[in-house]
Amino acid sequence: MRHDYDYLIIGAGMTADAAARGIREIDPAGSIGIVGDESDPPVRRPALSKDLWIDDDATLTGSTLDPAADTGAEVFLGQRITGLDPQGKVATSATGDEFGYGRALIATGGTPRHLDGLEPSEHVIYYRTVADYRRLREAAQPDTHAVVVGGGYIGSEIAAALSQNDVHVTMVFPEDAPGAGRFPTEIAEQVTARYGQAGVQLRAGTGVDSGHDTAEGVQLTLDDGSTLDADLVVVGLGLQPAGDLAESAGIDRSDDGGIVVDDHLRTSVDDVFAAGDVASYLDPRLGRRRVEHEDNATTMGQAAGRALAGADEKYAHTPMFYSDLFDLGYEAVGRMDPSLETDVVEQDGGSVVYYLDDGRVVGVLLWNVWNAVDAAKSVIESGTRPESGLLKS
Ligand code: NAD
């Protein structure tokens, strides 16, 4: 079957939703098609690892986005686009449907990295989607034993979430502490103490080599040769950007597999744009980068929608990111790389961490410090930390 739209958005996540809204800010009437391979409508993804586990008032319905109702877009779910022909201006789905377009946006996000030999199942969840949330809810009964693999965003948040829902949790990760891939030692020690206090078992400094299903659940083989049994396993090993579609269309890609866009979010072929997790964009303060966070998804998505509809605006946003771990929380801007020189300053009962590259501030972590994101951006823009070390909001 053939469908034709003025604007075709490939991917149906938060970026796609924001893009449809961005289009409508400029063009009230143009037709919009959104095609995504997940079977659920777009959702505020952060809720899946935070609010829905810890806030009694949070619901999946309340976290769901509805671009069809709000923008008039036609939304196709459970349909994977497998081919893009920029000359013929048509995208093709796995089921053979054709989607013609005037302008297209690739907002395909990324796919979770998998462990060797460990297929997704009712006990093994590579955590990303609403379907994953539903499966984890079902499996995460009180007093079950969950092994959480990875100490990054998903691992840290889901381990805290499960532990607050009476699940026994063991975390396995190569770093010294949950989140230590981003935090300096002072903060990492606080995080370790908090997880310990909650009863989460930490297998720090350990990777998982492989795993297999057993009659009772799952057995993992760790890189120290030991094994670990679990009723369920939740994995957060990072994302592989879903840029393959661009490859087949001859669109330039970044070294990490993302899609290169210019300062108007245009790819290297005419009338095809990219945004969100998959897009390698030019940050005016930090240079070319790819970012996988909510603010990046929604702000770039909206800007891409406006660009699709003809707005001539330079994209100049530096995204913030945030996380909540038990009663600890933070906001941050820029590069959080603890291998850089770090400078930790106590402020307002929390800490501000400056990450310095060759003497220039390239990242600011606001650890339990709030309402200071704009000040942090200004510091990164100037490259110089405030003399007192304190950030004024
Ligand atoms: P991540 O990159 O944050 O963390 C990956 C973790 O896996 C690291 O701790 C790494 O050392 C570990 N790891 C790698 N190989 C391993 C192995 N063999 N055994 C054990 N551990 C191993 O990625 P993620 O946590 O999977 O997050 C996925 C995506 O979701 C990212 O795009 C992230 O930005 C996004 N996300 C963001 C937030 C937020 O902004 N608060 C929250 C949730 C998810």
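**Aromatic pairs and overall build of a predicted chain**

The accessible surface of the chain in this predicted model comes to about 16400 Å², and 44% of that surface belongs to carbon and sulfur atoms.

Student: Which kind of aromatic pair do Phe183 and Tyr330 form?

Tutor: A pair of aromatic rings is described by the distance of the centres and the angle of the planes. For Phe183 and Tyr330 the centres are 5.4 Å apart and the planes stand at 85°. Planes over 60 degrees apart count as edge-to-face, and the pair of Phe183 and Tyr330 is therefore edge-to-face.

Student: How many residues apart in sequence are the parts that this pair ties together?

Tutor: Phe183 lies in the loop between β10 (168-173) and α8 (185-197), whereas Tyr330 belongs to strand β22 (residues 328-334). Both Phe183 and Tyr330 are buried.

Student: Is Tyr315 buried or exposed?

Tutor: Tyr315 forms an edge-to-face pair with Tyr281, at 5.8 Å centre to centre and 70° between the planes. Tyr315 is in the loop between α10 (294-308) and β21 (320-325). Buried means under 20% relative accessible area, and because Tyr315 has a relative accessible area of 8%, Tyr315 is buried.

Notes
Residues are numbered from 1 along each chain as its sequence is written. This is a predicted model: local features need pLDDT of at least 70, side-chain atom pairs count only at pLDDT 80 or more; totals for chains, interfaces and linings use all residues. Side-chain values use heavy atoms; hydrogens and water are left out. Accessible areas come from the Shrake-Rupley method with a 1.4 Å probe; for residues, only the protein chains shown count as cover. Rings of Phe, Tyr and Trp (its six-membered ring) pair if their centres lie within 6.5 Å; planes under 30 degrees apart count as stacked, over 60 as edge-to-face and the rest as tilted. Helices (H or I, at least four residues) and strands (E, at least two) are DSSP runs, numbered from the N terminus. Buried means under 20% relative accessible area, exposed over 50%, partly exposed in between (1.4 Å probe, protein chains only).
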